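Student: I would like to learn how to read strands, sheets and chain contacts in a model like this one. Could we go through it slowly?

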Amino acid sequence: MRIVPFIITTVVTTALVFALNKQWGTIPPMGKFLHPQYGFWQNAEPSSQSFDANLIFADIKGKADVYFDDRLVPHVFAENDEDLYFIQGYLHAKFRLFQMDLQTKAAEGRASEIAGPKAINYDREQRRLGMKYAAENAMKEIDKDPASKLLFDAYTKGVNAYIGTLKESNLPLEYKLLNFKPEKWTNLRTALLLKMMAKMLSSGTESDLAYTNAKSVFIPDELKKMYPQVPDSLMPIIPKGTAFEKPGIMPIAPLSADSIYINNNEIVTAKEISKPDINNGSNNWVVAGSKTQSGAPILSNDPHLELSLPSIWYEMQLQTPTSNTYGVSLPGSPFVIIGFNDSIAWGVTNSQRDVKDYYQIKFRDDKTKEEYWFDSAWKKSELRIETINVKGGSTVFDTVAYTVFGPVMFDKSFSDTLKGGRSLAVRWTAHDPSNEGMTFYKLNRAKNYDDYTEAIKTFESPGQNFVFASKAGDIAIWQQGKFPARWDRQGLFVMPGEDSSYMWQGFIPQVENPHSKNPERGYLQSANQRPVDSTYPYFIPGSYITERGVTIEKYLSGMNNITPADMMKLQNNYFNTLAEDAKPILLQFLREADLNAAEKKYLDIFKSWDLMATPDSKGQTVYQCWYDQLEIGIWKDDLSKTKPMSPWPNEETTMEWLKRDTAFKFIDDINTPQIETLYDIVTTALKNASAELAKKESEGKLEWTKFKNPTVYHLLKDALPAFARKGLNIGGNNNIINAVTHSHGPSWRMVVQLSSPTEAYGVYPGGQSGNPGSKYYDDYIDKWVEGKYNKLWFMRDGDRMDKNIKWTMKFNKG
Amino acid sequence: MKFLVATILTAILAFITGLLSFSPWWGFAITSLIVAVLVHQKAGKAFLAGFTGVFLLWAGLAWWIDMNNNGVLSVKIANVLPLGGNTIYLIIVTGVVGGLVAGMAAMCGSFLRSTKSRS
């Protein structure tokens with residue numbers, strides 16, 4: 001043996017293996033990663049991959065078969081509910097494990113374990129918002145009901161059964177890239193996923209902190225006009241003129257409301273870090289048999305969410321001898337969330353209602369947070385010490401005080417540490433114990449209107465518009481949720497928290513939630529607008545979006561002999577309602593003589609625009625830039641009087657104000673000595689827009705789709721741009737029925753005609769497999785872009801030998 | 001002849017370690033060393049045989065997998081790693097990394113077996 005060279009080469013070899021086994025920054029362990037038998041190559045799924053399997057599990061009670069069609073949609077045939085949800089869990093994990101794991105870890109405030117120190121503040125906010133506390137409360141409710149616990153247990157066992165089969169080589173790709181391992185599933189994680197949805201849909205629907213700042217500079221009358229409760233153009237969900245019952249609860253404002261609440265001009269400097277996207281909305285509508293060609297009702301739904309790969313939805317059919325449901329499910333939760341069965345169809349849109357308020361807390365000692373002043377005494381707070389493990393960093397501890405209102409989200413140590421802002425506790429309906437999953441379990445099995453109302457009445461958070469149609473011919477909609485009964489302006493701003501007088505006095509009785517069944521006109525629709533007109537007897541603030549509802553109403557009211565194809569066309573409609581109103585005003589108040597040649601060119605494009613936000617539309621781009629500049633011209637100077645800035649009025653508010661009063665006071669730019677008129681603002685807005693447009697045009701981005709660059713990102717967004725689908729040729733905008741923005745939009749489009757047999761169509765911008773190495777990763781995207789649909793195959797027991805079946809997965813008791 | 005035997009043996013044993021669930025990803029380093037001890041060659045040649053064996057195995061497997069996958073994944077990974085989306089580079093890099101480890105391990109094996117100093 002040659003000792004010296006041997007030692008040297010051994011040391012070098014060992015060092016090389018060590019270096020290739022270690023993660024360097026964001027570079028995965030290269031040896032393991034590149035190894036064709038362990039690493040990423042193993043995730044490159046052969047295009048002829050078979051999904052046939054014969055699986056044996058001790059937890060399976062009977063015999064079950066899963067039939068996959070050519071789109072990789074599983075049709076699950078089980079003998080009982082437990083096996084059904086075990087298999088749903090197994091399939092979710094097999095095709096979507098990484099997203100389930102990542103989303104629930106993020107919900108719980110554990111993103112730093114994967115992403116490192118940059119996620120610490122996100123995690124702290126999740127914990128301070130009480131996300132885990134909310135999930136734990138939901139768990140208590142699930143555990144109280146043994147029948148529902150059984151279903152969640154079965155689902156969890158199914159997920160873990162799949163995780164148990166994983167070896168290094170078949171770990172989902174993202175684990176190899178980020179170098180970590182999946183964690184076992186629990187019922188709590190299912191609850192966390194549902195709370196993540198609750199946050200997405202009911203936590204960003206208030207702007208209490210920003211309104212509090214606006215209140216410090218604008219008088220109540222101005223506030224009411226800038227942020228009106230009922231817009232002029234509103235087409236409410238519940239048809240106008242519907243009579244409402246006498247309110248079952250009449251909340252009374254405390255005597256001090258004016259002096260210490262409304263007229264309190266103190267600002268808040270704290271800011272939410274991950275405030276959900278305001279565009280998280282949706283469309284749904286239903287037309288009765290009287291308006292359709294077949295005589296059967298047709299239901300349509302397209303939930304608008306952040307678009308991602310893998311998609312938030314996983315399509316499947318779930319059948320037992322007593323139930324048969326088709327639709328989309330949320331990986332991480334059992335049940336079908338949006339879909340249909342043999343008797344009914346249902347869909348959801350977000351209610352946009354404000355169900356989250358802030359209360360100012362006075363601690364005896366801001367450091368320890370052990371006691372706070374409440375009802376004339378020092379009351380003990382419950383302290384939860386949050387432990388945040390950080391990848392590549394030291395563990396962070398964060399003490400969160402829980403009060404009678406809820407967790408203290410903001411205090412001296414978070415999020416405004418510079419000025420040491422006020423301590424604010426958050427009261428949020430998502431914290432209250434409830435079991436939303438059972439609503440879907442029951443909806444999956446509902447046979448008629450009564451079953452549907454029975455299923456949804458316990459659904460508390462996030463408030464949803466459940467649209468319904470049945471083969472019996474009924475159509476209906478309920479805005480369902482647990483909504484506080486508020487006195488006028490209660491909870492619009494940060495409230496005093498030193499006693500109980502500003503607490504919620506009760507909730508709107510469930511039967512008084514806005515609803516409509518079989519209206520004369522033969523259709524119902526919801527698109528995140530205010531659900532009711534001003535005759536509804538409660539104060540119901542929220543982040544409502546008006547325009548899409550107006551557009552849908554315009555089309556549906558004029559349509560007859562409707563076919564599913566008509567409804568698909570409507571879901572992909574590009575008409576811009578707001579621009580229709582804005583166009584004459586913009587043209588009337590423009591000083592054309594002040595424009596140069598380039599500006600005139602954009603004006604001509606705008607003049608000849610057909611008001612359609614099609615992908616190739618240049619008019620839509622000019623309009624949007626011009627209108628955005630107009631809003632800046634009118635509002636920015638006024639809203640900047642507070643720091644942080646006051647919230648922007650809705651775009652339709654600006655429009656409606658201009659229609660009423662073209663000389664309202666905010667038109668003037670307060671930063672200039674002269675008084676500006678609407679002529680000045682409109683003309684300057686086009687000039688400013690033209691500068692931006694010229695720049696975009698030089699980059700070849702004047703066409704609307706090139707301007708907004710529609711993109712479906714991978715869940716890890718900018719960390720993995722190579723896994724995204726960019727530059728999709730699709731038009732639309734958030735205020736247009738086809739609500740596609742840069743990375744947000746219709747996450748699932750579904751049209752169901754309740755004829756015999758049921759005729760159903762659907763498409764989502766993704767694919768059934770979460771594996772970026774599979775051809776099923778993004779194979780629906782092009783169809784979705786083109787506005788085409790997949791025909792949904794509602795498989796029957798007798799179809800087990802059908803040629804649509806490509807693969808069969810058998811589950812047996814072992 | 002020796003070189004060819006060592007190369008083929010290295011590749012076969014490396015492939016087998018990849019099938020064993022208890023073996024870490026670097027199991028082929030051990031087998032490459034053993035091959036170099038059994039089929040003794042000079043250090044340089046041993047390195048080359050180890051390198052060639054695993055380079056061909058890894059690049060070959062990667063190429064085969066990629067062909068069956070129609071390049072769906074390799075293009076994405078060749079963008080994640082700074083290879084400009086070039087699949088061929090990705091396959092070569094894969095082979096080189098495996099080859100380097102095997103070659104170095106084979107060199108260790110060669111020195112372990114050597115009895116006298118050679119230049």
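Tutor: Let us begin with a definition: two strands count as paired if DSSP finds at least two bridges between them. Please keep in mind throughout that this is a predicted model.

Student: Which residue in strand 10 of chain A is the bridge partner of Phe340(A)?

Tutor: The general idea is that strands of a sheet pair through backbone hydrogen bonds, either parallel or antiparallel. Here, the partner of Phe340(A) in strand 10 of chain A is Ala345(A). Strand 9 (residues 338-341) and strand 10 (residues 344-350) of chain A run antiparallel and are joined by two bridges.

Student: What packs on the sheet beside these strands?

Tutor: Helix 13 (residues 437-445) of chain A does, touching strand 7 (314-320), strand 8 (323-329), strand 9 and strand 10 of chain A. The direction of helix 13 of chain A makes about 125 degrees with that of strand 8 of chain A.

Student: In what order do the strands of the open sheet stand?

Tutor: The open sheet in chain A is formed by 11 strands in the order 1-28-2-3-7-8-9-10-18-19-21, and their pairing is mixed. Strand 1 (53-57) and strand 21 (515-517) of chain A stand at the edges with a single partner strand each, so one side of each is left without a neighbour in the sheet. From one strand to the next, the twist averages 15 degrees.

Student: Which way do the residues of strand 22 of chain A point?

Tutor: In a regular strand the side chains alternate between the two faces of the sheet. In strand 22 (residues 523-526) of chain A, Tyr523(A) and Gln525(A) point one way, while Leu524(A) and Ser526(A) point the other way, and all are buried. Strand 22 of chain A pairs with strand 4 (residues 281-287) of chain A in the antiparallel sense over four bridges, and Ser526(A) has Asn284(A) standing opposite.

Student: How many residues does each chain bring to the contact between chain A and chain B?

Tutor: Chain A brings 34 residues and chain B brings 34 residues. On the side of chain A that touches chain B, helix 1 of chain A gives the most, with nine residues. The residues on that side of chain A divide into 19 nonpolar, 10 polar and five charged.

Student: How many helices and strands are there in chain B?

Tutor: Chain B has five helices and zero strands, and buried residues make up 52% of its 119 residues.

Conventions: Residues numbered from 1 in each chain as written. Chains lettered and ligands numbered in written order. Predicted model: local features only at pLDDT ≥ 70, side-chain atom pairs only at ≥ 80, totals over all residues. Contact = placed C-beta atoms within 7 Å. Nonpolar A, V, L, I, M, F, W, Y, C, P; charged D, E, K, R; others polar. Buried ≥ 20, exposed ≤ 12 C-beta atoms within 10 Å, placed from the backbone. Axes fitted to C-alpha atoms, helices over the stretch in contact; angles between N-to-C directions.
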